[in-house]
Amino acid sequence: MKEEQTRIAEPVAAPEELLSQPERESDSAVAEETLPAKDEGKKAWTAKRITGIVFLSLGLAVVLFLLFVAVVLAVDKFVKKSPVPSFFGHATLIVTTGSMAGTIEEGDMIAISKADDYKIGDIVTFLAAGDTTPTTHRIIRVQDGKYYTKGDANNAEDTHPIEKSEIVGKVTRVIPHVGLFFRWLKEDFGWMYLVACGIVIVAGVMLLRRLPAEKKE
């Protein structure tokens with residue numbers, strides 16, 4: 001009588017146990033390397049998004065401020081009929097004559113501000129009675145509450161003194177040659193060149209953005 005041999009089934013190894021030790025270590029290393037890479041990518045994306053929001057906010061703030069300035073100047077000019085529109089007492093003008101040559105040249109831009117008082121030596125912008133264009137000259141003397149002015153390049157003082165109410169403001173800053181650029185924009189149709197340059201730049205940026213996408217396809 002033959003003895004039956006019973007075979008004991010060997011337990012099947014789990015998939016993880018079938019892998020050799022080096023292979024398991026390799027997979028672990030890959031997993032560890034993948035996680036930091038994802039974290040770094042997420043951080044970079046977050047930083048980029050925050051930067052974009054900051055720049056967008058700053059851009060909107062600048063645009064809103066410029067719009068506010070434009071509205072204030074428009075109200076001062078068209079509603080209040082001010083001969084020299086100002087932003088809360090501050091204004092800029094372009095010098096068109098050489099009466100102050102040596103101190104302020106023709107084509108310079110000047111910044112003026114309203115002051116409580118004016119004294120000898122101050123360079124002021126004023127609009128005398130009957131004048132339609134403001135004048136910028138230096139106060140050389142004050143007599144009986146009236147201000148006598150003279151251009152630095154002129155040989156004689158101005159014919160008539162001015163009242164304090166006729167003074168638009170005192171020159172606080174001179175920006176050389178800036179007015180020439182604005183004159184070029186206005187008189188030589190320079191704005192058309194600027195618009196053309198802007199169109200070319202925008203078209204170039206759009207083209208450069210499309211080139212990588214076309215290469216990927």
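Here is a walk through the salt bridges and one greasy-side-chain surface patch of this predicted model. Local features need pLDDT of at least 70 and side-chain atom pairs pLDDT 80 or more, while totals for chains, interfaces and linings use all residues. Residues are numbered from 1 along each chain as its sequence is written, and side-chain values use heavy atoms, without hydrogens and water.

Let's begin with the charges. The whole structure holds 3 salt bridges, meaning a side-chain nitrogen of Lys or Arg within 4 Å of a carboxyl oxygen of Asp or Glu. In one of them, lysine 119 meets aspartate 122 at 3.5 Å, N to O. Aspartate 122 counts as buried because its relative accessibility is 9%, whereas lysine 119 is exposed at 51% (buried is under 20% relative accessible area, exposed over 50%, partly exposed in between, with a 1.4 Å probe and protein chains only).

Next, aspartate 152 pairs with arginine 138, with the closest N and O atoms 2.8 Å apart. Aspartate 152 sits in the loop between β5 (146-150) and β6 (167-175), and arginine 138 in strand β4 (residues 135-143), 14 residues away. Glutamate 157 also bridges to arginine 141, at 3.1 Å between the closest N and O atoms. Glutamate 157 is in the loop between β5 and β6 and arginine 141 is in strand β4, so this pair ties together parts 16 residues apart in sequence. (Strands are DSSP runs of E, at least two residues; helices are H or I, at least four; both are numbered from the N terminus.)

Now for the nonpolar side: Leu64, Leu67, Val71, Val75, Phe78 and Val79 make a surface patch of about 590 Å². Valine 75 belongs to helix α2 (residues 21-79) and, at 34% relative accessibility, counts as partly exposed. Patch members have over 30% relative accessible area and no salt bridge, with nonpolar side chains (Val, Leu, Ile, Met, Phe, Trp, Tyr) joined within 5 Å and like charges within 9 Å; areas come from the Shrake-Rupley method with a 1.4 Å probe, and for residues only the protein chains shown count as cover.
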